[in-house]
Amino acid sequence: MGFLIRLVITAVALWVTTLIVPGVDVHGRSGSNTALTLIVVALIFGVINAVLKPVIKVVGCVFYLLTLGLFALVVNALLFLLTDRIARGLDLPFHVDGFWAAFWGAIVMTVVTWLISVIVPDSLGER
């Protein structure tokens, strides 16, 4: 159940990101198509973060230390761009217009996901 809740939280954060950040867009043919696209893109983003981010942290730990963690912002933007590439490969109506849109999109996604996660418990059995 926790996985589904996190997936929905990420999809909602992605939707908010498309509303706030110029250059991050999702264009479904209908509301349900847009919602399904957001869920699939959230799943792609989650898998990318689960698989690649730990590897990048280990390999790039020197850069994290030298930049006092600011390198994480660049990594998050690049992972957001990778999500865009995979979504395009799957013909999903999701698009990120370059590095800066990905940079700000990743920041907004992180903040919104954190805010929603504070409010919504991971599973219904908690709280």
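By class, how many nonpolar, polar and charged residues does the lining of the second largest pocket have? I counted 3 nonpolar, 5 polar and 1 charged. Ala, Val, Leu, Ile, Met, Phe, Trp, Tyr, Cys and Pro count as nonpolar, Asp, Glu, Lys and Arg as charged, and the others, Gly among them, as polar.

**Ground rules.** This is a predicted model, where local features need pLDDT of at least 70, side-chain atom pairs count only at pLDDT 80 or more, and totals for chains, interfaces and linings use all residues. Residues are numbered from 1 along each chain as its sequence is written, and side-chain values use heavy atoms, with hydrogens and water left out.

**Second largest pocket.** I looked up its volume and found about 160 Å³ of space. A pocket here is an open set of points on a 1 Å grid over the protein atoms alone, where a 1.4 Å probe fits, with protein on both sides within 12 Å along at least five of seven lines; lining residues have an atom within 4 Å of a point. Grid points are joined across faces, edges and corners, and the volume is the space filled by probe spheres set on the points. The lining consists of Thr-10, Phe-45, Asn-49, Lys-53, Asn-76, Ala-106, Met-109, Thr-110 and Thr-113. Helices α2 and α5 each supply at least two of the lining residues. α5 gives the most, with 4 residues.

**Largest pocket.** I noted about 250 Å³ of space here. The lining has 14 residues, and Arg-6, Leu-7, Thr-10, Ala-42 and Gly-46 lie nearest the centre. α1 (2-20), α2 (31-59) and α5 (98-119) each supply at least two lining residues. This time α2 gives the most, with 6 residues. By class I read 8 nonpolar, 5 polar and 1 charged.

**Whole chain.** I logged 5 helices and 2 strands. Both are DSSP runs numbered from the N terminus: helices are H or I with at least four residues, strands E with at least two. The order along the sequence is α-β-α-α-α-β-α. The radius of gyration is 15 Å, close to the 14 Å that the globule rule gives for 127 residues, so the chain is as compact as a globular protein of that length. That radius is taken over C-alpha atoms, and the rule is 2.2 Å times the number of residues to the power 0.38. The C-alpha trace spans about 45 × 40 × 25 Å along its principal axes. Buried residues make up 36% of the 127 residues. Buried means under 20% relative accessible area, exposed over 50%, and partly exposed in between (1.4 Å probe, protein chains only).

**Ile-86.** I found Ile-86 in helix α4 (residues 71-89). Its relative accessibility is 34%, so Ile-86 counts as partly exposed. Leaving aside neighbours within four places in sequence, Ile-86 is in contact (heavy atoms within 4.5 Å) with Ile-44 and Ile-48. Its C-alpha is 8.8 Å from that of Val-41, 45 residues away along the chain.

**Positive phi.** Leu-68 is not a glycine, yet has a positive phi of about 55°. I placed Leu-68 in the loop between α3 (61-66) and α4. Leu-68 counts as exposed, at 77% relative accessibility. Asp-91 also has a positive phi, near 60°. Asp-91 is in the loop between α4 and β2 (94-96). At 68% relative accessibility, Asp-91 counts as exposed.
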